[in-house]
Amino acid sequence: MANRKRNTNSKNRSNRSESSQVPSESSTLLELPVPPLQWSAPARTIATVLILTYLFVVVMGPLANPIASRYFSGPIAKQLAPLHRILFLGHGYRFFGPDPGPTHRLVFRGVRKDGSKFEGFFPDRKNQKPRLLYHRWFMLSETLFVEHASQADANFLRNRKIAYENQLARLTSANQTHQLRQLKLDRQLELRYHQRASERVNRLANSVANVLLDRYEATSIKLFSQERSIPFPEEVLDGLKLNSTQLLLPLNKIGELDANGYRAANRDDPQNPEGSNR
Amino acid sequence: MKTDLEDTVIQSGPLTAFIHSWSRDWNQFWFRPEAPNTLGAMRIFVGLIVLYTHFTWGLELSTFLGADGLLPLEYRSLLFESPFAWSHFDWFSNNQLLMAVHILGLLMIAMFTLGIWTNWTSVFTALLIISYANRGTGALFGLDQVSSFLCIYLAIGNCGGAYSIDQWIAKRRGAGQGRSCTRNRIAIRLIQIHMCAVYLFAAIGKLQGTTWLNGEAVWGTLASYEYQSIDMSWIANHMWLVAILTLGTLAWELAYPALIWLKLTRPIMLLFSIPIHLGIGACMGMLSFGLVMLVGNLAFVDPRWLNKLLPSSAELELLSENMR
């Protein structure tokens, strides 16, 4: 850097003729004299090992998130997870990928202590300012949607159970002990995954409901996720506004909180989605 | 005139010559001493962004990060299934104590931004950013990811060696602040490589979709009401422009990790980063994210140019040092 600076330094320019070491104005960086290294060879070797290890840790994050190879990046990223957590690395960096999708807001409907009803939603650009704070609420509503959507419905779980039992019977009759063990292990992991997904969304939704309950001095509150579609350009040219309620999909109930505690919505309930604020 | 070492290398064969040349280039790439100017400028910009980011957490601190707030501790535990996603907020359940700790944190970040005791405040700021990010799991986005790694690298380098109160005090005392050093070089290289990784995987993610390839993705971002901060719906009348912006962004992100290293193309890549990130920031309500990405790109800016904009005595000291 210092040598690059030397090029533009007028004092040095005047001394150009005194030494052939001083580069001309148009010289490239490669032609500049190289400053001496400050670290010894063993220090550089240790640093090299540390740098390469660190870069491996950095790159394994996006290589395993959101999609991981079962045989390579997945198992490695699992081993590196403590480092990723400690240093807050391991992100996928897939900003607006693979496609910019619809957005989701959280709608809540409740009853106050005096019996009056109220309704609201977040993110709410009118009441949540500055913009960065609005964006935090926005990301929270997106997280709630993703967590809620990642739960398996009863029909899916039923089909998975049938598929497992069929496979189990087939492998048992064929006496394939190794595959049988693997199948049981996979089934345990699958069940644990679904259980964890439900626990996550329930914990998060419960906390959100509690905060809203306090804020509105309410006795009960229901939470819904609501998707807003992206309009086609032709619709906008025909006069459709981006905040039009026509773009809002029906409410999808997440759960409710009252004096009896938090209850997750029954995803198989034909009454859910309930209502729409179109 | 050839040196003894060069003679030995040539006599040893092409493989040895290649290894020797590679080793020399590696040493120059990672370990050539570097002035603190770039890191000093980045410290100020990152510090200001992070100060603002954390100030806004404070507007609803207990609502988001309190023990009874929106983001329960159990959620993070269930998500990561790891005790390593640490946060100092886990130790405080009292909301007043939480606010006191938050204010101390803001003071720490302010000291870091100004360059006071920077060797220490840079490390504590990096830890603070990570801690907030871990605690805020569920309400985070790219801003938190990028600002955290930038802070880590600023703590590795001597980011207080330029444009700082530390440097000003040292200069008055005649001490040797602001000299070029190897850890500055390592920090800059880590920022550069991490920025390349961010753009590379952002581009890979986009290639998995269809709208980035059919040229409609930018419409999807501009027509999203929740993101919108400037009404850009007029662009529906000019979908050719949407296609250019979409494919241009994709091409730029794909090319960035390679072309940013070439002297000829680096200014072009940096030039394009300005409208792209400011555009995202202004149109999609993520100005802080757009700005922090631009600050990350500063690592690639020619320090001579930076020194013209922000003259520093650190650079002058470096010059005299390297002239020896």
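How many of the 26 residues of α10(B) are buried? The count is 19, so α10(B) is largely enclosed by the rest of the structure, where a residue is buried if 20 or more other C-beta atoms, placed from the backbone, lie within 10 Å of its own, exposed if 12 or fewer, and partly exposed in between. This is a predicted model, in which local features need pLDDT of at least 70 and side-chain atom pairs count only at pLDDT 80 or more, while totals for chains, interfaces and linings use all residues. Residues are numbered from 1 along each chain as its sequence is written, and chains are lettered from A in the order in which they are written.

**Helices of chain B**
- Helix α10 of chain B covers residues 182-207 and reaches 38 Å from its first C-alpha to its last, close to the 38 Å expected (1.5 Å times one less than the number of residues; helices are DSSP runs of H or I, at least four residues, numbered from the N terminus).
- Helix α2 of chain B, residues 14-31, should span 26 Å, which agrees with the 25 Å between its end C-alpha atoms.
- α2(B) is hardly covered, with one buried residue among its 18.

**Contact between the chains**
- Chain B gives 81 residues to the contact and chain A gives 65 residues, two residues being in contact if their C-beta atoms lie within 7 Å.
- On the side of chain B that touches chain A, α10(B) gives the most, with 10 residues.

**Asn155(A)**
- Asn155(A) lies in helix α6 of chain A, residues 154-173, and is exposed, with 10 other C-beta atoms within 10 Å.
- The C-alpha atoms of Asn155(A) and Pro102(A) are separated by 26 Å, the two residues being 53 residues apart along the chain.

Terms used
Helix = DSSP H or I, 4+ residues; strand = E, 2+ residues; numbered from the N terminus.
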